[in-house]
Amino acid sequence: MNTLSWFIYLIGVVPALGAFALAIAIGSALGVAVIILAHVISRGECYTQRDKEEYDEKTAPMFRYWRKVFLSIFCVAVPVAILVPSQKTMILIGASEFGEKMLMSDKAQKLLDPSYQLLETWINKELAKLKEETSKK
């Protein structure tokens with residue numbers, strides 16, 4: 001497969017990647033919320049200061065660990081979801097690359113050079129006609 005084939009394949013895959021990253025970001029945000037809520041509720045059930053200190057020593061590290069895990073996942077998934085281009089953007093990028101390659105090819109240069117000369121000759125002729133017509137009036 002050539003690069004254009006891979007690019008066409010990528011056009012089909014990228015929107016799914018963006019949607020997947022968005023789902024992971026939402027899931028990790030919900031995970032952080034659940035972990036924080038569970039920690040607050042569990043700690044709130046301790047009535048004395050001594051119970052709260054024992055609770056913090058035993059179970060708080062677990063809550064902190066999972067909070068860090070979900071926040072890390074969230075911090076990776078959100079930029080991926082935001083920076084992944086849409087399918088339309090990918091198609092426009094591909095068209096731009098393909099057009100640039102076509103214009104820079106030897107065959108296109110051979111066609112464009114004479115056409116510029118013909119266009120310039122035609123414009124000069126038309127300008128000369130206009131000058132003659134305006135000078136007659």
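What pLDDT does the chain average, and what share of the residues score at least 70? The chain averages a pLDDT (the predictor's confidence in each residue, from 0 to 100) of 80, and 91% of the residues score at least 70. This is a predicted model, in which local features need pLDDT of at least 70 and side-chain atom pairs count only at pLDDT 80 or more, while totals for chains, interfaces and linings use all residues. Residues are numbered from 1 along each chain as its sequence is written, and side-chain values use heavy atoms, with hydrogens and water left out.

**Whole chain.** The C-alpha trace spans about 105 × 45 × 20 Å along its principal axes. The radius of gyration, taken over C-alpha atoms, is 33 Å, whereas a compact globule of 137 residues would have one near 14 Å (the globule rule is 2.2 Å times the number of residues to the power 0.38). Of the 137 residues, 13% count as buried; buried means under 20% relative accessible area, exposed over 50% and partly exposed in between, with a 1.4 Å probe and protein chains only.

**Helices α2 and α3.** Colour by pLDDT and select residues 49–58, helix α2, which has the lowest mean pLDDT among the elements, 75. Helix α3 has the highest, 85. Where pLDDT is low, the predicted coordinates should not be read in detail. Next select residues 60–83: helix α3 has 24 residues and reaches 35 Å from its first C-alpha to its last, close to the 34 Å expected (1.5 Å times one less than its number of residues). Within α3, show A60, F63 and A77, which are buried.

**S28.** Move to helix α1, residues 3–44, and select S28. Why does S28 count as buried? The reason is its relative accessible area of 2%. S28 touches F70, I73 and F74, not counting residues up to four places away in sequence; contact means heavy atoms within 4.5 Å.

**S135.** Finish in helix α5, residues 106–136, where S135 is found. S135 counts as exposed because its relative accessibility is 60%. The side chain of S135 reaches the backbone oxygen of E132 at 2.8 Å. Then select L103: S135 and L103 are 32 residues apart in sequence and 41 Å apart in space, C-alpha to C-alpha.

Methods:
Helices (H or I, at least four residues) and strands (E, at least two) are DSSP runs, numbered from the N terminus. A polar contact is a pair of N or O atoms within 3.5 Å; within protein, one must be able to donate a hydrogen and the other to accept it, and residues adjacent in sequence count only if both atoms are side-chain atoms.
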